[in-house]
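My notes are below the display.

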Amino acid sequence: MTLRILAASTLLLCAAGALAQTAPAPAQDGMVTVSGTVPNETTKAAVLDHLRKLYGADHVVDHVEVGGVVTPANWSRYVTAMIGPNLKQVSQGKVQVQGNTIDISGEVPNEAVRQQVLSSLSGAFDSHYGIKQNLHIGQSKQKVLDDTLANRTVQFQSGSSILTPAGRTVLDQMAAAIRKLDDPFIAIVGNTDNTGNRQSNIELSLARASAVKAYLVAKGIPAANLSVSGQGPDNPIADNSTEAGRARNRRIDFRISKG
């Protein structure tokens with residue numbers, strides 16, 4: 001399943017009986033761990049092949065054991081069939097297949113995706129299999145940042161990268177929101193209006209983005225999770241011919257990135 005920063009997905013496979021006695025080591029960030037017991041090497045190879053094609057060979061951790069289990073009819077074919085694109089829409093997730101029961105949990109972006117994932121799982125198995133699900137709809141990380149900013153701007157002293165008290169207040173709230181998001185990677189982008197020299201504005205926008213990063217790091221946000229850039233006047237969101245428009249264009253954007 002698709003992984004969030006600092007969360008790993010686990011696919012547990014067990015043909016029958018108890019799960020493997022030895023728990024695998026926790027997966028590293030961005031990795032998918034597959035563990036449990038399958039009936040033969042052919043099934044193991046097929047499962048790993050499907051996972052590696054879906055997530056990339058370097059992102060699959062193999063803890064699968066072989067032998068000593070009895071499977072329901074067509075179990076191996078059904079299990080490999082369920083490993084498809086819809087599974088990647090589940091984040092922070094786990095799928096457990098034990099005998100003829102499929103148990104899936106994790107986070108999906110919306111109800112439509114939840115139904116799509118469950119439909120694809122159901123379609124991969126026959127009517128003798130049952131699905132238990134605990135898929136919850138997560139709030140978009142980007143929406144959390146946008147709602148925290150709430151159409152406000154991070155204010156600086158005129159022509160400088162020194163934060164005003166009002167600017168620091170906004171960033172205090174932003175830091176609190178970021179800490180609740182499980183260590184996201186965030187691009188901090190500085191912007192200006194089109195008044196004055198373009199190159200000077202680009203340099204100022206970068207300096208302001210860097211000042212925001214420094215402030216957030218001082219509030220406990222990992223520096224490695226924050227990138228900065230300055231776009232100067234090149235990405236306006238309002239009309240620069242009015243004072244109100246220029247004020248809106250002098251802003252800091254916070255964008256969830258993939259790291």
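Entry 1. The model is predicted, so I noted the thresholds: local features need pLDDT of at least 70 and side-chain atom pairs count only at pLDDT 80 or more, while totals for chains, interfaces and linings use all residues. Residues are numbered from 1 along each chain as its sequence is written, and side-chain values use heavy atoms, with hydrogens and water left out.

Entry 2. I looked up the strand order and found an open sheet of three strands, β8-β7-β9, with mixed pairing. The edge strands, each pairing on one side only, are β8 (226-230) and β9 (251-257). Strands here are DSSP runs of E, at least two residues, and helices are runs of H or I, at least four, numbered from the N terminus; two strands pair if DSSP finds at least two bridges between them.

Entry 3. I checked β7 (residues 185-191) against β8: they run parallel and are joined by five bridges. Ile188 stands opposite Val228 in β8.

Entry 4. I then turned to α4 (residues 141-149). Which residues of α4 are buried? I list Lys141, Val144, Leu145, Thr148 and Leu149, where buried means under 20% relative accessible area with a 1.4 Å probe, protein chains only. Seen down the axis of α4, they fall within an arc of 130° (taken from the directions from the helix axis to the C-beta atoms), so they line one face of the helix. Their cover includes α5 (165-179), β7 and β9, with contact meaning heavy atoms within 4.5 Å.

Entry 5. Just after α4, I found Ala150 with a positive phi of about 50°.

Key
Buried < 20%, exposed > 50% of the residue type's maximum accessible area, 1.4 Å probe, protein only.
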